[in-house]
Every structure is written in C-alpha cells, then in structure tokens.
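Student: I would like to learn how to read a model like this one, feature by feature. Could we look at it together?

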Amino acid sequence: MLTEAPKGTKDIYGSYMEEWQRVEQVMRELCSDFGIKEIRIPIFEHTELYLRGVGETTDIVQKEMYTFKDKADRSITLRPEGTAGVARSFIEHGMYNNPQPTRRFYIGPMFRYENTQKGRQRQFHQFGVEMLGSYSPALDAEAISVVAELLKRLGIKDVELRINSLGCNECRQRYNTALKEYIGSNIDKLCDDCKSRFDKNPLRVLDCKEESCQRIIAEAPVVLDYLDDECKEHFETVKAILDDMGIKYTVDEKIVRGLDYYTRTVFEFVANGIGAQGTVCGGGRYDNLIAECGGQPMGCAGFAVGIERLLLMLEAQNGEFKETNEMDIYIGSIGKEGLVKSQGIAYRMRSEGIRAEGDSVGRSVKAQMKYANKIGAKYSVILGDNEIAEDTANLKNMETGEQEQIKVSELVEIMKKKING
Ligand SMILES: [Zn+2]
Ligand SMILES: [Zn+2]
C-alpha cells in the first residue's frame with residue numbers, strides 16, 4: 001500500500017509529462033488567440049454546488065463524487081467537473097459587470113469514483129472553456145471552434161464532431177412529456193438502472209449503453225422534432241457559422257449529454273481510434289446553470305476536453321512519446337579545485353540562460369564523458385588542476401568531435417556566443 005498510488009490515480013513523469021506540457025502549451029496559446037483567460041478554481045467546493053449545478057439525478061452526483069465531511073462538519077466534494085465551479089466564481093465575484101461574454105479556461109484535475117476497469121481514472125484531467133454572458137448562437141459555434149482548432153493544432157485526426165439541440169426549457173418540457181409517454185409504455189423492457197432513471201429524469205435513459213435499452217432508445221421520439229421556431233433558428237445559425245468556418249459536423253439526435261445543465265446546443269467530439277469510450281470532448285450551451293446556482297439568468301456555453309484521452313490518441317497516432325535530452329554543456333571535473341570551479345562556471349552559465357551541468361555525483365572522467373553523452377550535451381569540457389592553473393582547456397563539440405583550446409576564464413563568454421549567437 002505504502003508504495004502504491006491509490007487506484008485510479010497515476011504519476012505523470014518522463015516522456016508522458018513532456019508531451020503533456022506540449023499539449024498544455026498549445027492549449028494556452030490557443031486560448032490567448034481566442035481571448036480566453038485562465039481561471040483557477042478550488043479543487044473542492046461545497047457539495048451543494050454540484051447537487052444544484054451538475055444535477056442530483058446524474059450519475060456523477062449519484063455514484064461518482066468524492067464527498068466527505070471536513071473537521072467543521074461541512075460537506076465538501078472534490079470537483080467532478082469544472083463548469084459548476086466557474087459558474088459559482090462568476091456569481092460570487094459579480095462578473096456580471098464585465099463586458100460580456102466572460103471567457104475563461106481551466107486546466108486541472110477532476111475527481112470521480114469510477115470503475116477503473118474501463119480505462120477511466122479517478123483523478124483525471126480536463127481542459128475546459130466556459131463562455132458566460134450571451135444567448136447568441138455565435139457563442140455556441142465559438143466554443144465548438146475552440147475544440148476544432150485545438151485538435152487541428154495538435155494534429156489529431158479521425159475525430160468526428162456531433163451536434164444536437166435540446167431546445168429551451170419549454171421545448172425540453174414538451175419533449176420530456178413525449179419521451180415519458182414512449183418510455184413509460186416500454187418500461188418493462190428497460191434495465192433496472194433505467195427504471196430508476198426514468199422516475200428521476202427520462203432523458204437520462206437515452207444515455208444507457210445496455211443493448212436491451214438501446215433497442216428501445218432507437219425508436220424513441222427525437223428532440224429535434226420538438227423544437228420551437230426560436231430554438232430551431234438558433235440551431236440553424238450555429239450550423240451556418242460552423243459551415244462558414246469550414247468545421248465539419250454531423251447532427252446526432254442521440255446526443256443528450258449526461259449533465260442536467262445543458263440547453264439548446266450540445267456537442268461531442270468523438271474519436272474513431274480509441275474504442276467505445278471515444279468521446280474526447282463534450283460541451284454545449286447551459287443557460288440554466290447560473291440561475292440554478294443562485295445567480296441572475298445568463299446565457300453560457302462551454303466544453304471540457306479529457307487530457308488523458310487526448311494523450312492516448314496522440315500516442316496511438318504518433319507512437320510512443322520520446323523524452324528529449326537537451327543540455328548545452330557538460331562541465332566535468334577532476335579533483336577538488338576542478339569541482340569548485342566547474343560548479344561556479346556552470347552556475348554563471350545558467351544565469352545567462354545556458355543549460356549547463358557539472359559533475360554532482362563524483363564520477364570518474366570516463367564515466368563523466370559517458371554521462372555527458374547521455375544527457376545530450378552539445379559541448380563538454382573537463383577541468384582539472386592543470387586546466388585551472390594554466391587557464392586553458394579543451395572544449396569539445398560533442399556532435400562533430402572537434403576540440404578547440406579555450407581560456408577557462410572566458411568559458412562563459414564563449415558559450416554565450418555559441419548558444420545565443
Ligand atoms: Zn425552445
Ligand atoms: Zn438501461
């Protein structure tokens with residue numbers, strides 16, 4: 001137990017960490033281009049926020065939350081997603097007064113007590129964007145375009161965008177009634193989970209993956225047939241904008257998303273390469289959420305991308321990640337005087353932005369040179385008593401094998417020219 005990470009968690013290091021950082025860098029640049037600013041919300045919130053914000057009937061709230069009492073007997077939950085926290089923050093800090101929309105992104109861990117056999121982690125990571133303060137269909141399309149552009153920049157292929165509209169509250173109400181009627185008349189054929197889902201929220205049944213339920217779902221009324229003119233027009237405009245952006249999509253009436261807060265546009269980016277759990281990104285419009293969390297009603301749209309899933313796809317597509325080894329110079333040493341000087345020179349080089357490393361292990365000269373190769377040093381030099389006394393040493397270009405005689409006292413300046421030009 002002591003030397004094993006808890007089930008569903010993972011250490012991130014090595015080449016995987018490097019790729020992760022590259023992906024995060026792309027996300028940050030992307031958000032900058034879209035005018036989306038970072039927000040860091042707490043990793044835990046009051047449990048009530050998720051009951052209201054995510055919805056009491058959802059699988060997340062029913063089965064998957066890490067909820068505990070703190071020492072003052074408050075009910076606390078590790079965040080299972082980021083949207084509710086951003087909404088809470090928006091209300092708490094009166095961001096209504098901002099010029100709208102308020103665009104925010106977050107990158108960080110989320111926590112859900114899930115079945116790890118399905119390749120899901122209990123601590124997983126999401127990149128999410130929330131755009132708050134507009135009912136315009138432009139916002140829906142913009143949110144979608146952020147994901148499309150992210151996948152483009154990462155070079156991820158074979159991902160399909162599926163969109164749907166759930167309509168406004170009135171449309172959903174009409175649809176719910178029809179759905180209830182249909183499912184109610186087929187209730188005997190549904191799985192036990194669905195029977196209890198049906199009582200709480202019939203829409204939830206549409207998410208069921210059981211084969212017996214799938215057969216019923218296939219014949220169920222579709223929400224698009226229940227949209228009023230305004231909701232239809234909204235959806236048409238979203239599609240028109242996507243068409244103009246050149247972003248391909250398919251309309252999929254079966255997408256309802258697992259969370260209660262969605263209204264009108266919902267979307268998923270689904271990968272064909274990574275099997276049944278291929279949803280890389282889910283999102284949509286959520287006009288009810290801010291009011292649900294205690295604020296004034298406000299139009300919002302957003303999405304979350306699973307970072308582990310992205311990396312899984314990148315690896316499947318590009319092969320195993322490689323760790324890069326890069327060092328500008330290895331400054332080896334012999335004896336005490338050599339050690340002292342080499343460490344001092346290495347330090348001064350780092351202050352100049354030159355990547356330098358000296359011997360901090362006490363290796364033999366031969367082992368030091370081997371090590372210099374391993375860390376990918378572009379240059380190497382060995383400093384011993386003679387080199388320091390005579391202020392002369394041989395600087396070796398590790399790629400070409402060429403050596404040049406240099407003054408030890410000028411080594412920092414020489415390297416500055418070589419590396420920074
Ligand atoms: Zn409507
Ligand atoms: Zn079912």
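Student: Before we go on, what should I keep in mind about the model itself?
Tutor: This is a predicted model, in which local features need pLDDT of at least 70 and side-chain atom pairs count only at pLDDT 80 or more, while totals for chains, interfaces and linings use all residues. Residues are numbered from 1 along each chain as its sequence is written, chains are lettered from A and ligands numbered from 1 in the order in which they are written, and side-chain values use heavy atoms, with hydrogens and water left out.

Student: Are Cys171 and Cys231 buried or exposed?
Tutor: Buried means under 20% relative accessible area, exposed over 50%, and partly exposed in between (1.4 Å probe, protein chains only). Both Cys171 and Cys231 are buried.

Student: Now the helices. At what angle do helix 1 and helix 5 pack?
Tutor: Axes are lines fitted to C-alpha atoms, for helices over the stretch in contact, and angles run from 0 to 180 degrees between N-to-C directions. Helix 1 (residues 14-34) meets helix 5 (residues 137-154) at about 140°, and their axes are 10 Å apart. Angles under 35 degrees count as roughly parallel, over 145 as roughly antiparallel, 65 to 115 as roughly perpendicular and the rest as oblique. Helix 1 and helix 5 are therefore oblique to each other. On the helix 1 side the contact (heavy atoms within 4.5 Å) includes Val23, Val26 and Leu30, and on the helix 5 side Val146 and Leu150 are among the residues. By class, this contact of helix 1 with helix 5 has eight nonpolar, one polar and six charged residues. For these classes, Ala, Val, Leu, Ile, Met, Phe, Trp, Tyr, Cys and Pro count as nonpolar, Asp, Glu, Lys and Arg as charged, and the others, Gly among them, as polar.

Student: How is helix 1 placed against helix 11?
Tutor: Helix 11 (residues 307-318) packs on helix 1 at about 110°, with the axes 11 Å apart. The two are therefore roughly perpendicular to each other. Helix 1 contributes residues including Tyr16, Trp20 and Met27, while Leu310, Leu311 and Leu314 are among those from helix 11. The contact of helix 1 with helix 11 has eight nonpolar, no polar and three charged residues.

Student: And which residues of helix 2 meet helix 4?
Tutor: Helix 2 (residues 47-55) and helix 4 (residues 83-92) have axes 9 Å apart and an angle of about 105°. That makes helix 2 roughly perpendicular to helix 4. Leu49, Tyr50 and Gly53 of helix 2 meet Ala84, Gly85 and Arg88 of helix 4.

Student: Finally, the backbone. Which residues does a cis peptide bond join?
Tutor: The cis bond joins Gln100 and Pro101, with omega about 5°. Pro101 lies in the loop between helix 4 and strand 5 (102-111).

Student: What is phi for Asp158, and is Asp158 buried or exposed?
Tutor: Asp158 has phi near 65°, a positive value in a residue other than glycine. With a relative accessible area of 53%, Asp158 is exposed. Arg264 also has a positive phi, about 50°, although it is not a glycine. Arg264 lies in strand 9 (residues 263-271) and counts as buried at 12% relative accessibility.

Note on methods: Helix = DSSP H or I, 4+ residues; strand = E, 2+ residues; numbered from the N terminus.
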